[in-house]
Amino acid sequence: MEINWSTFVLEIINFLVLVWLLKRFLYLPVKQTIERRQQAIEARLTEADRLKQEAEAMKARYENRLADWEKEKKQAWKALQQEIEAERQRRLQAIEQELAEVRKKAEVVWEQEKREWRRHAEQQALKLGAAFVAKLLERLADEHLHQRLITLLLEDLHQWPKDHRQTLRREYQSNPGPIRVISAYPLSTSHQQALTNALEQFLGDDLEIHFVEDASLMAGVRMDLGAYVIRANLKDELEFFAHGHL
């Protein structure tokens, strides 16, 4: 078998031309297309990685923000609870203070009412006691008691301190006038003279003295010296007892 070298050479040339044509018009475009697609894929992967990183960063920021918001919410809730508790305590204190003031006012009113009731009861008791004593003394009052009261008055007048006598003299001399000696029973001459002597020792001589009777005095005498009155009788003593302690 003989080899046709010319044909062989032509076949080789045809093969090389085919290879060049394939490389030139098929392999290179396909390779470039593959490279472009690979670059596009890599770009997309890079973009995807970037987006993933951004998403993760955004997620981290969101989670941090959620944590901060939760922390702020807890702080706000705690502050609100503290404010509510402070307001509650303030109102409780205000209510307690108002209750204390109301209680204090009620106690004051109650004490005033008790004092008023006690005073009223004492007044009634004194009135009843004075009325009872007046009735009793009215039945017991007689001329003997009358004489005894005059004797006690004369003894008291003789024992008066000097300053009391001087005060009585000044007041009488500033407004002199008739002196009225009122007695429950008629005065004896000796008692009239004794009372006159006692008054002259206090006020001076030449006094105008009128002796009158008033049975309502029950026993004893009353001496009117102008603005000054000397009382030594049951009626005035009972009135003083009844009204002086009200």
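Is Phe202 buried or exposed? With a relative accessibility of 2%, Phe202 counts as buried (buried is under 20% relative accessible area, exposed over 50%, partly exposed in between, with a 1.4 Å probe and protein chains only). Keep in mind that this is a predicted model, where local features need pLDDT of at least 70, side-chain atom pairs count only at pLDDT 80 or more, and totals for chains, interfaces and linings use all residues. Residues are numbered from 1 along each chain as its sequence is written, and side-chain values use heavy atoms, with hydrogens and water left out.

**View 1. The whole chain has 5 helices and 4 strands.** Helices (H or I, at least four residues) and strands (E, at least two) are DSSP runs, numbered from the N terminus. Starting there, the order reads α-α-α-β-α-β-β-β-α. Of the 246 residues in the chain, 18% are buried.

**View 2. Here's helix α2, residues 143-158.** Its 16 residues should span 22 Å at 1.5 Å a residue, and the end C-alpha atoms sit 23 Å apart, which agrees (the expected span is 1.5 Å times one less than the number of residues). The buried residues of α2 are His146, Leu149, Ile150, Leu153, Leu154 and Leu157. They cover an arc of only 140° around the axis, so they lie on the same side of α2 (the arc is that of the directions from the helix axis to the C-beta atoms).

View 3. Rings of Phe, Tyr and Trp (its six-membered ring) pair if their centres lie within 6.5 Å; planes under 30 degrees apart count as stacked, over 60 as edge-to-face and the rest as tilted. The ring centres of Trp160 and Phe202 are 5.4 Å apart and the planes are at 10°, so the pair is stacked. Trp160 lies in the loop between α2 and α3 (162-174) and Phe202 in helix α4 (residues 189-203), so the pair ties together parts 42 residues apart in sequence.
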